[in-house]
Amino acid sequence: MPIINRIADYADDMVAWRRHLHAHPEVGFACHQTADFVAERLRAFGVDEVHEGIATSGIVAIIEGRGGGRTIGLRADMDALPMEERTEADHASTVPGKMHACGHDGHTTMLLGAARYLAETRNFAGRVALIFQPAEEGGGGAEVMVKEGVLDRFDIAEVYALHNAPGRPVGDFYTTPGPIMAAVDTFHIHIKGIGGHGAMPHETADPIVAAVGIVNAIQTIVSRNHYAQNDLVVSVTQIHTGSADNIIPETAYINGTVRTFKPEVQGMVMARLEAVVEGQAAAYGVEADLEYEVGYPATVNDPAKTAFAAEVAREISPQVADHVGREMGAEDFAYMLEKRPGSYLFVGNGDSAGLHHPEYDFDDTAAPYGASFFARLVERALPVG
């Protein structure tokens, strides 16, 4: 069974929805116009309930099936990124400094397509909870929705989500049981030395030399402090200091990211960072403070639900990989999977630019595959009779 025929019938409508969303991106929790657009469509489809204002601008919509049964949660993220678009598409962003560079406009469209079909056919027993979430890109909107009680309030038994995958053929699906996306943490290192004239370094405590020493030492955490078969990334991504060629500055700042899957590996990195910063600061005669921010946890798929989801995906596409390698990117859907069993899958986006690239655009031909997957998953999980 390929794309559901009825969903294929309104593929043009889905293109229009997606391109409208793409042209009007919003970031963080302030997805108010996006939410209004989504709510208007949901009411036009005839869903039974539309609950707005969750996690500031999130929505949970309910569709009742035929008879009693459990509630399946389907989630789509709505937020864009704070960056300039360079696609030159007719539907390019009309908002300076904001663009849908990760395909959340497509994710929202896929869930809207599934909502329309499910509200029309209701060929399932139980309920569907359609979760439209703001602030996936760093704000932790999923965590806020969980803390605001959506899983309990709507009696959601299991949860599923899709993300597009540039470089994979349109309509291909892939996932894996267990961890699929990494936990993500951030570190900040503030160095304070003694500034002075560049010609008289002996009168200073140079924070630049200390910063270089700290960064070099950080590289040994991955190469010398962890077991090679435990996935780990520690990347320094920013160093800021100095203002002129003849001035040794007083301060320096280092920033970076840590990606892990196991709490013990995360704990090791935290301990080693503290030791490196303290030791290097003493060696170079400066003061240095480490701030370590624990971010999204690892996204961990339930094995049984993932096997089921892959089985459903095979009804939509002949190309489904269900044991791919896990990825070092992060995803706040992790917070929902911590509380409920479910699965996170990827669907191909064709030969597009990469995620978070200014020339990225969601491939509209992928939307019917995602919508069909969501719809068929509900029908298979909640069969009538």
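Modeller: Leaving out residues up to four places away in sequence, aspartate 105 touches Arg18, Leu21, His22, His100 and Phe362. Touching, or contact, means heavy atoms within 4.5 Å. This is a predicted model, so local features need pLDDT of at least 70, side-chain atom pairs count only at pLDDT 80 or more, and totals for chains, interfaces and linings use all residues. Residues are numbered from 1 along each chain as its sequence is written, and side-chain values use heavy atoms, with hydrogens and water left out.

One of those partners is also a polar partner. The side chain of aspartate 105 makes a polar contact with the side chain of arginine 18, at 2.9 Å. (A polar contact is a pair of N or O atoms within 3.5 Å; within protein, one must be able to donate a hydrogen and the other to accept it, and residues adjacent in sequence count only if both atoms are side-chain atoms.) Aspartate 105 counts as buried because its relative accessibility is 0%. Buried means under 20% relative accessible area, exposed over 50%, and partly exposed in between, with a 1.4 Å probe and protein chains only. Aspartate 105 sits in helix α4, which covers residues 104–121. Helices are DSSP runs of H or I with at least four residues, strands are E runs of at least two, and both are numbered from the N terminus.

Helix α4 leads on to α3. The buried residues of α3 pack against α4, α2 (11–23), β1 (49–54), β2 (58–64) and β4 (127–133). Those buried residues are Thr34, Ala35, Phe37, Val38, Ala39, Arg41, Leu42 and Phe45. An α-helix has 3.6 residues a turn, so residues three or four places apart point the same way. The length of α3 fits as well. Its 14 residues (32–45) should span 20 Å at 1.5 Å a residue, and the end C-alpha atoms are 20 Å apart, so the two agree. The expected span is 1.5 Å times one less than the number of residues. After α3 comes glycine 46, with a positive phi near 90°.

Most residues other than glycine have a negative phi. Glutamate 88 has a positive phi, near 60°. Glutamate 88 lies in the loop that runs from β3 (71–77) to α4.

Beyond its neighbours within four places in sequence, valine 215 is in contact with Val236, Ile239 and Ile254. From valine 215 to aspartate 12 is 51 Å in space, C-alpha to C-alpha. In sequence these two residues are 203 apart.

Back to the starting point. Aspartate 105 is a buried residue of helix α4, with its side chain in polar contact with that of arginine 18.
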